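Thank you all for coming. I would like to walk you through one structure this morning, going from the sheet to the cores and then to a pair of helices.

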Amino acid sequence: MKYFLTFVAVCCIIGTSYGQLKTPAPSPTQTLKQEFALSSVELSYSRPAVKGRKIFGDIVPFGKVWRTGANRATTITFGEDVSFGGKKVAAGKYGLLTIPGASEWTIILSKQLDVTSPSAYKEDMDVVRVTAKAVKMPVTMENFTILFDEIKANSMLLEFIWEKTLVSVPVTAEVDSKVMAQIDTIMQDEKNKSYFSAAVYYLDNDKDASKALGWLDKAVAENPDAFYMH
């Protein structure tokens, strides 16, 4: 019995050791959070590598739903209502799927947040579908990459890059009407008027310059030591 118990204890130790083994992920996960418009956009996906293989049209077949990464589902979260590829999308979290093609991709935002294989995909759960041109690049991107580019106050590009393929989807948000509504509300508050911020917004967006100047004068009068206002 003594030897048997010793044998069991050794087996448990070995089993525990194997269970605690941690190795690098072959397709590491990346989470991006990009400030955009009046909120932010968050993206979570995995980044498989080319490793000398032919990717699109082979490892990733043309014409079939792709989880847009590896190992896990890809998701995107919008902090406010946006236009995605020209189609309205409400604030919230969505599964991000694609159907790659040789010259054009279909990009899907889905209510499904856990699609990791084509068999799990349900078309009736689509929120929007948009198409985008697949552009050939002169250089190779080794790891699959999704990024935000050309970021402006109310627009940016969501880009998919891998191997020698680049696909871009425009994302826009309504900003001006929301900011103007905030300014109107704040200026009615006798105690907390944001003169400087409102003036800068007016100047940056080619609005009433005389009104902006009046607000700047008031901001400087209230904050004479704020050199950046001068």
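Before I point at anything, one term: I call a residue buried when its relative accessible area is under 20%, exposed when it is over 50%, and partly exposed in between, using a 1.4 Å probe and protein chains only. What you see is a predicted model, in which local features need pLDDT of at least 70 and side-chain atom pairs count only at pLDDT 80 or more, while totals for chains, interfaces and linings use all residues. Residues are numbered from 1 along each chain as its sequence is written, and side-chain values use heavy atoms, with hydrogens and water left out.

With that term in hand, take Thr68, which is buried, at a relative accessible area of 0%. Thr68 sits in the loop between E2 and E3, where helices (H or I, at least four residues) and strands (E, at least two) are DSSP runs numbered from the N terminus. The phi of Thr68 is near 65°, a positive value in a residue other than glycine. Ala37 is also not a glycine and has a positive phi, of about 55°; Ala37 belongs to the loop between E1 and E2, and because its relative accessibility is 25%, it counts as partly exposed.

In what order do the strands of the open sheet run? There are nine of them, in the order E1-E2-E3-E6-E7-E8-E9-E4-E5, and the pairing is antiparallel, two strands being paired if DSSP finds at least two bridges between them. Strand E1 (29-36) and strand E5 (87-89) are the edge strands, each pairing on one side only, and from one strand to the next the twist averages 35°.

Going through part of that order, E1 and E2 pair in the antiparallel sense over eight bridges, with Thr29 opposite Ser46 in E2. Ser46 is buried, its relative accessible area being 0%, and, leaving aside neighbours within four places in sequence, Ser46 is in contact (heavy atoms within 4.5 Å) with Ser27, Pro28, Thr29, Gly69, Ala70, Asn71, Arg72 and Phe144. E2 and E3 are joined in the antiparallel sense by four bridges, and here Glu42 stands opposite Thr77 in E3. E3 and E6 run antiparallel and share four bridges, with Phe78 opposite Gly92 in E6 and Thr75 having Gly95 of E6 as its bridge partner. E6 itself is mostly covered, six of its eight residues being buried.

Now the interior. A nonpolar core, as I use the term, is a set of buried Ala, Val, Leu, Ile, Met, Phe, Trp, Tyr and Cys residues joined through side-chain atoms within 4.5 Å. Which residues touch the most other members of the largest nonpolar core? Of its 34 residues, they are Ile76, Phe78, Phe84, Ile107, Leu109, Leu158 and Phe160. The elements giving two or more residues to this core include strand E3 (75-78), strand E4 (82-84), strand E7 (104-110) and strand E9 (155-172). Phe84, not counting residues up to four places away in sequence, touches Phe78, Val89, Ile107, Leu109, Val128, Val130, Leu158, Val169, Pro170 and Val171. Apart from this core lies another, of 17 residues, among them Val175, Met187, Ala212 and Ala219.

Finally, the helices. The axes of helix H3 (residues 195-204) and helix H4 (residues 209-222) come within 8 Å and cross at roughly 150°, where axes are lines fitted to C-alpha atoms, for helices over the stretch in contact, and angles run from 0 to 180 degrees between N-to-C directions. H3 and H4 are therefore roughly antiparallel to each other, given that angles under 35 degrees count as roughly parallel, over 145 as roughly antiparallel, 65 to 115 as roughly perpendicular and the rest as oblique. On the H3 side the contact is made by Tyr195, Phe196, Ala198, Ala199, Tyr202 and Leu203, and on the H4 side by Lys211, Ala212, Trp215, Leu216, Lys218, Ala219 and Glu222.
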